[in-house]
Amino acid sequence: HAEESRCSILKRGDGEMKTGHEGGFALIAAVLANLILLAVGIIALNLSTQDLRISMKVVGDKKAMSAAEAATHWLMVNFDPANPAAVARENRPLTELAAGLDPGGLVTIRQPMPSTVGPVQISGPTGHDMGSTQWVLLRYDTTVTGRNEDHRTSVTIDVVVGYGPVVSESYQ
């Protein structure tokens, strides 16, 4: 019995006695303080990684838009109304359109079709006055999609291609 009371009583340096159960509060307070600091650290880490994800998405969106713009330019240079299917592309690497473009880019160009909304012909451009001959532009609608695989982003553009000038009598 004397052994038991000696184990549960601690003696301080100033001579005052204290039982072993009073020292547990400091441990609980320290654990709670560490949990609070851990929560603050997790919130800070989450906010900083969220900013990085947003920045990466913005970069990816810009690269996807650049791919779509490059494909639109290529479409306008290579479009032939006699063979509109020749410019159609499906998930093709951007580097197929021109050397030096982003190798992480993919493009899709839908086959241009004569416009079904609005006028099929647009009044001729200025500077093509050939006496009594009236010139027009033919309208074709298509969709161009640029993707960036590195950032998993995509941009789709509705494109209206005006082909011409052509003599209006031949397309009445």
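1. A residue is called buried when its relative accessible area is under 20%, exposed when that area is over 50%, and partly exposed in between. Arg 110 has a relative accessibility of 42%, so this residue counts as partly exposed. The same terms are applied below to a predicted model.

2. Overall composition. The protein chain contains 2 helices and 8 strands, and their order along the sequence is α-β-β-α-β-β-β-β-β-β. Of its 172 residues, 23% are buried. The accessible surface of the chain is about 11800 Å², and carbon and sulfur atoms supply 60% of that surface.

3. Helix α2. This helix has 55 residues, which at 1.5 Å a residue should span 81 Å; the C-alpha atoms at its ends are 80 Å apart, in agreement with that expectation. Its buried residues are Gly 60, Ala 64, Ala 67, Ala 68, Ala 70, Ala 71, Thr 72, Trp 74 and Leu 75. The elements that cover them include β3, β4, β7 and β8.

4. A nonpolar surface patch. Leu 27, Ile 28, Val 31, Leu 32, Leu 35, Leu 38 and Ile 42 together form a nonpolar patch on the surface, with about 690 Å² of accessible area. One of these residues, Leu 38, is placed in helix α2.

5. Where does Ile 109 lie? Ile 109 belongs to strand β4, which covers residues 105–109. Its relative accessibility is 1%, and the cut-off for a buried residue is under 20%, so Ile 109 is buried. Leaving aside residues up to four places away in sequence, Ile 109 touches Ala 71, Trp 74, Leu 75, Val 87, Ala 88, Arg 89, Thr 142, Thr 143 and Val 144. Ala 71, Trp 74 and Leu 75 are also listed among the buried residues of α2. Although Ile 109 and Ala 88 are 21 residues apart along the chain, their C-alpha atoms are separated by 5.0 Å.

6. Aromatic residues. The structure has 2 aromatic pairs. Phe 79 is buried, at 7% relative accessible area, while Tyr 163 is partly exposed, at 30%. Phe 79, Tyr 140 and Tyr 163 make up one aromatic cluster.

7. Salt bridges. How many salt bridges are counted? The count is 4. One of them joins Lys 57 to Asp 61, with 3.3 Å between the closest N and O atoms. Lys 57 and Asp 61 are 4 residues apart in helix α2, so about one helical turn separates them. Both are partly exposed: Lys 57 has a relative accessible area of 46%, and Asp 61 is at 27%.

8. Arg 110 and Glu 90 form a salt bridge with an N to O distance of 2.5 Å. This pair links distant parts of the chain, since Arg 110 is in the loop between β4 and β5 and Glu 90 is in strand β3, 20 residues apart. Glu 90 is partly exposed, with a relative accessible area of 43%. A further salt bridge connects Glu 96 with Arg 92, at 2.4 Å between the closest N and O atoms. Glu 96 is partly exposed at 43%, and Arg 92 is partly exposed at 34%.

Key
Residues numbered from 1 in each chain as written. Predicted model: local features only at pLDDT ≥ 70, side-chain atom pairs only at ≥ 80, totals over all residues. Heavy atoms only, no water. Buried < 20%, exposed > 50% of the residue type's maximum accessible area, 1.4 Å probe, protein only. Areas by Shrake-Rupley, 256 points an atom, 1.4 Å probe, with all protein chains shown as cover. Phe/Tyr/Trp six-rings, centres within 6.5 Å; stacked < 30°, edge-to-face > 60°. Patch = residues over 30% accessible without salt bridge, like charges linked within 9 Å, V, L, I, M, F, W, Y side chains within 5 Å. Salt bridge = Lys/Arg side-chain N within 4 Å of Asp/Glu carboxyl O. Contact = heavy atoms within 4.5 Å. Expected span 1.5 Å × (residues − 1).
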